[in-house]
Amino acid sequence: MSGTISYNFTAKVWKHGAAGGWHFVSLPTKVSKEIRALFGKHEEGWGRLKVVALVGDTQWKTAIWFDTKGNTYLLPLKATVRKQERMVIGEVREITILI
């Protein structure tokens, strides 16, 4: 994978309910289906797929994780990214994923 295919979408920031839970955005179902069809063979354990993510002016190397319950990929949002981009729970943001 060369990081040359990009997916642009908007998604709402949410937090997992567990204590100290991570913050995520859920990729749209249509985008997730296409990514899984094209790149599913590159997934590592637990449906992990390496990507580069962009939010606002912040770009970072990360991974998306396939959530079988939601039938979509989840993008975890590190605290440093949320702080730099002033992201809050419930906010809808423009996201780009490069695979």
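Two strands count as paired if DSSP finds at least two bridges between them. With that rule in hand, the overall fold of this predicted model can be described. Its 6 strands close into a barrel, and going around it the order is β1-β2-β5-β4-β3-β6. The pairing is antiparallel. From one strand to the next, the twist averages 45°.

Strand β1 covers residues 6-15 and strand β2 covers residues 23-26. The two pair in the antiparallel sense over 3 bridges. Within this pairing, Trp 14 has Phe 24 in β2 as its bridge partner.

The next topic is the core. In soluble globular proteins, nonpolar side chains tend to be buried together. The largest nonpolar core here has 24 residues. Those with the most contacts inside it are Leu 27, Ile 35, Ile 64, Leu 75, Ile 97 and Ile 99. At least two residues of this core come from each of β1, α1 (29-39), β3 (48-55), β4 (58-67), β5 (72-77) and β6 (92-98).

Which residues does Leu 27 touch, leaving aside those up to four places away in sequence? Its contacts are Phe 9, Ser 32, Ile 35, Ile 64, Thr 72, Tyr 73, Leu 74 and Leu 75.

Tyr 73 leads on to the aromatic rings. The model has 2 aromatic pairs, counting rings whose centres lie within 6.5 Å. Phe 66 and Tyr 73 form an aromatic pair with 5.1 Å from centre to centre and 75° between the planes. Planes over 60 degrees apart count as edge-to-face, so this pair is edge-to-face.

The last stop is Thr 62, which is found in strand β4. Its relative accessible area is 17%, and because the limit for buried is under 20%, Thr 62 is buried as well. Not counting residues up to four places away in sequence, Thr 62 touches Leu 49, Lys 50, Val 51, Ala 53, Leu 75 and Pro 76. One of these, Leu 49, is 13 residues away from Thr 62 in sequence. In space, the two lie 8.5 Å apart, C-alpha to C-alpha. Another contact of Thr 62, Leu 75, is among the residues with the most contacts inside the largest nonpolar core.

How values were computed. Residues numbered from 1 in each chain as written. Predicted model: local features only at pLDDT ≥ 70, side-chain atom pairs only at ≥ 80, totals over all residues. Heavy atoms only, no water. Phe/Tyr/Trp six-rings, centres within 6.5 Å; stacked < 30°, edge-to-face > 60°. Helix = DSSP H or I, 4+ residues; strand = E, 2+ residues; numbered from the N terminus. Axes fitted to C-alpha atoms, helices over the stretch in contact; angles between N-to-C directions. Core = buried A, V, L, I, M, F, W, Y, C linked by side-chain atoms within 4.5 Å. Buried < 20%, exposed > 50% of the residue type's maximum accessible area, 1.4 Å probe, protein only. Contact = heavy atoms within 4.5 Å.
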